[in-house]
Amino acid sequence: MRIYLPATTTVLRRLVDEGRLAGPHTAFAVTPRLREYYALSDAAADVEELEYAALLGAARASLRLVDVDPTAARRRVVLATDVADPAVSEVDDPGADPGAVRVTADIALADVASAHVDGAEAEDDVRAAVAVVLEADLGSDEAQFVVDQAEGHELAWYATQEIGPALDLL
């Protein structure tokens, strides 16, 4: 199953240096709940659009991780990785994102399909969003506007072999 793992640049460096991230993990995927959610709002959504929605959920979660990682660059990071289906279960919480999953397996660098990382131009907006993402989660319209500014930046795509060199440029 393809999952989208929220991360930080610190986590990404550990993955490159150590070759794996020990589980368990909270991630995002195309789940039955996510399909049902989009069936109500966009019945024509295809798998690619659902995968993009899962990636965006992981990117939002990355903001929360950056908030608690003072050594990380102020950039969102998402890892698209493939894990065995039995290692993935939906988060059973009606308040959780409909694409949220729990992954019991370790994440090996060899299983990562790609990394998605904000560019330098997003850093100021990400820095501002990190400061208010919890307020946005609690319903603040002003905070949500700030988070939306960060989420307006497209994440750059990196193949697995490009992750180390991309980190070296940060």
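How do the residues of the lining of the largest pocket divide into nonpolar, polar and charged?

## The largest pocket

In this predicted model, the lining of the largest pocket divides into 16 nonpolar, 4 polar and 7 charged residues. Here Ala, Val, Leu, Ile, Met, Phe, Trp, Tyr, Cys and Pro count as nonpolar, Asp, Glu, Lys and Arg as charged, and the others, Gly among them, as polar. In all, 27 residues line the pocket, and A53, L56, G57, R60 and D97 lie nearest its centre. Two or more lining residues come from each of β3 (25-28), α2 (32-41) and α3 (47-67), and α3 gives the largest share, 10 residues. (Helices, H or I with at least four residues, and strands, E with at least two, are DSSP runs numbered from the N terminus.)

The volume of this pocket is about 650 Å³. A pocket is an open set of points on a 1 Å grid over the protein atoms alone, where a 1.4 Å probe fits, with protein on both sides within 12 Å along at least five of seven lines; lining residues have an atom within 4 Å of a point. The volume is the space filled by probe spheres set on the points, which are joined across faces, edges and corners.

## α3 against α4

Let's follow α3 to its partner: α3 and α4 pack at an angle of about 105°, with their axes 9 Å apart. (Axes are lines fitted to C-alpha atoms, for helices over the stretch in contact, and angles run from 0 to 180 degrees between N-to-C directions.) α3 is therefore roughly perpendicular to α4, a term for angles of 65 to 115 degrees.

R60, L63, R64, V66 and D67 of α3 meet V126, A129, V130, V133, L134 and D137 of α4, where contact means heavy atoms within 4.5 Å. By class, this contact has 7 nonpolar, no polar and 4 charged residues.

## A cis proline

The peptide bond from G23 to P24 is cis, with omega near 5°. P24 sits in the loop between β2 (20-21) and β3.

## About the model

Residues are numbered from 1 along each chain as its sequence is written, and side-chain values use heavy atoms, leaving out hydrogens and water. As the model is predicted, local features need pLDDT of at least 70 and side-chain atom pairs count only at pLDDT 80 or more, while totals for chains, interfaces and linings use all residues.

Note on methods:
Angles under 35 degrees count as roughly parallel, over 145 as roughly antiparallel, 65 to 115 as roughly perpendicular and the rest as oblique.
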